[in-house]
Amino acid sequence: MKLKYTYTLFTLIMVLYFVPANAQKSTKSKKAAATKTVKKAPAKAPAKPTAAKKQTDAKALGDAASKVTGKDTVGKGGAANTPPPNGGSLSEEIVVTTAYKPVLADAVKIRRNPDLEDKTPYKAPLTYAPLDKRLEQNSEIKQLDAMKIPAQVDTLPYNNLIKGAVGNLKTTFFEGYFGNGKDEALQVGGYVKHISHSGTTYNKQNTSNDQVGVFGKSIGAVNTLSGRIDYTNSSNYFYGYDKVNPPAKLDVAHQYFNTLAGEGEIAKNYKDVEKDFTYALKLKGYVFGDRFKARENNLVLAGFLNQTINQFYTGLTASLDLSTQKDSLYSFNNSIVRVNPYIKFQGEAYKIDAGVNIVDEFGFASRFSIFPAAKLEYQVIPKYVRLFVEAKGDINKSSLKDFYGINPFLGRNLAIQNSVDKLDLSAGLKGTLAPGLGFKADVYHNSVKNMPLFVSNFYFAGGQNRFAVIYDNGTATINGFNGELDYKASGDVDLFGRVEFKDYHMASEAQAWNMPKFKLTAGTSININDKVKINGSLLFRGVAYDKPNAAAFAASYGGVAMPASILSEVSSFMDLSGGVEYRVNKQISIFGHVNNILNSTNQTWLYYPDYGFNIFGGASFSF
């Protein structure tokens, strides 16, 4: 069959090519106007053709030429010798003016052979299985399921770290941290810290601080146990004096403080279930003492019970705070019991805490007090801004450890008296302004009875250059504003700041001695890349005033009366610090830190300036 189609195609091509060529040769090739065809009247008029009109294009000429031989065509006006196939006679002269060349596309039309094979496509039998899933027809946005947190790469894959550095002010620095490794159920470790400086502005302007401790935490199926024990030793000298009027005699005594502290806690693990009952119990305490005869022992037993019912909470917190305070002139028992029953309501847009704080003092002072303990939070802009209002009160226990921690240049036999926060009111806003930008701002009004104040108690005639504790007899009011801002542009950039304004109205004292009215703290932490990290901090402290001591001034300067111009002002100052760390590899890093970049003469306490420009650097090693 294929051979037959091939032969037919070949024959057609040969006819189309050779027949027009032969007709060309028997006809003159002149391109003059074609000679009109002479028609002879036939013996009998032929019937009118019923076919389509005659074609005069190249293809029609070729078809006509293929039906006759070269002898049947007459150059000029000749008649055909052979009758046409229908029995008539050719009475029209055909003039060929150009050679006919067949187009190959005419032959391509039949280039494909028909596929005569009978192929029936296979259709697999269809099977149907209904889906075991309810068709959701609601048009609301479906709640997204919580995504599992991807595994995080530990940036500190080692259990232990040691750091060491030295600086220009005879600075020595060392830290060490040690742990048992990655065990989510058990954590055991310890630490050691040391830092010391030696200033050049004053004689014996030396300070040092040393700490060592151990800790542990065990997470069980129901409860978590945790505890720690640490020891701290800090020391300094009483080096301060007035350089304008230097004393003839100065007692530059060496002072140091020792603190041994510990705590243990048991708490029920949190579970996200309804009607959950939680509890915790903590026991902590410390033993504190200085170089002289000041001693303080403290033991606190605290805990809470809480029952959750849907969005309703009820519970009780309580503590027993036992203390004894001793010095060369007194020995006190200063203890407090606190009980705080509360009820909490929490909804999608609000949170209400309602309760009371019941406080009972016993020991050298006896007093029973009840204070409010209430707080309200409401979402002004859901998920972005919350409004909060709070009212509370409490007893502030005087503590030797806290006093010396704030001002290490205090003298001996400090006055002991508990102050009272009669009513603290605050209101403000907190939340998120933009992605990564968090804020908190509030205004407050506090009423404080017997507020403690630190004042100078200098007696340079006897070498005295120390501070004392006094109390504002009566109820003082403090109006203020706090503002906080934290901007995390990304995981590598963090900016934060806090500003504080305070307006004091004292009951008996002329000023809130050594307490500035304005304070600004700010800082930043930036990861340049995986290798370099920088940080910086800024502190601006407003002006403060120390209480003039006319008797001490007269005794120090031979009975000369203290001039009225002496106000004992502690000037405002700005402290700018910064540091940089370069990570050589996963185990070794190099770091440097600069304190007081502006090299200003900062004074937190009168006649006790801080250190000037201080730079130190070193390295750390992980293993």
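Of the 28 residues in the largest nonpolar core, those touching the most other members are Leu400, Tyr404, Leu410, Leu414 and Phe467. A nonpolar core is here a set of buried Ala, Val, Leu, Ile, Met, Phe, Trp, Tyr and Cys residues joined through side-chain atoms within 4.5 Å; buried means under 20% relative accessible area, exposed over 50% and partly exposed in between, with a 1.4 Å probe and protein chains only. Two or more residues of this core come from each of strand S6 (254-268), strand S7 (277-290), helix H4 (400-406) and strand S16 (467-490). Another core, of 11 residues, lies apart from it and includes Val448, Leu453, Val455 and Tyr504.

The model is a predicted one, in which local features need pLDDT of at least 70 and side-chain atom pairs count only at pLDDT 80 or more, while totals for chains, interfaces and linings use all residues. Residues are numbered from 1 along each chain as its sequence is written, and side-chain values use heavy atoms, with hydrogens and water left out. The mean pLDDT (the predictor's confidence in each residue, from 0 to 100) of the protein chain is 83, and 77% of its residues reach 70 or more. Over residues 19-83, pLDDT stays under 50. Where pLDDT is low, the predicted coordinates should not be read in detail.

The protein chain contains five helices and 26 strands, taken as DSSP runs numbered from the N terminus (helices H or I, at least four residues; strands E, at least two). Of its 623 residues, 28% count as buried.

Contacts (heavy atoms within 4.5 Å) of Tyr404, leaving aside neighbours within four places in sequence, are made with Gln255, Phe257, Phe288, Asp290, Ala294, Leu410, Gly411, Arg412 and Leu414. Gln255 and Phe257 are also among the residues touched by Asn236, as are Asn206, Thr207 and Pro408. Asn236 lies in strand S5 (residues 223-237) and is buried, at a relative accessible area of 4%.

On the surface, a nonpolar patch includes Ile343, Phe345, Tyr350, Tyr378 and Leu429. Strands S10 (331-346), S11 (350-363), S12 (367-381) and S13 (385-396) each supply at least two residues of the patch, and the largest share, four residues, comes from S12. Tyr350, in strand S11, counts as partly exposed because its relative accessibility is 35%.

Note on methods: Patch = residues over 30% accessible without salt bridge, like charges linked within 9 Å, V, L, I, M, F, W, Y side chains within 5 Å. Areas by Shrake-Rupley, 256 points an atom, 1.4 Å probe, with all protein chains shown as cover. Salt bridge = Lys/Arg side-chain N within 4 Å of Asp/Glu carboxyl O.
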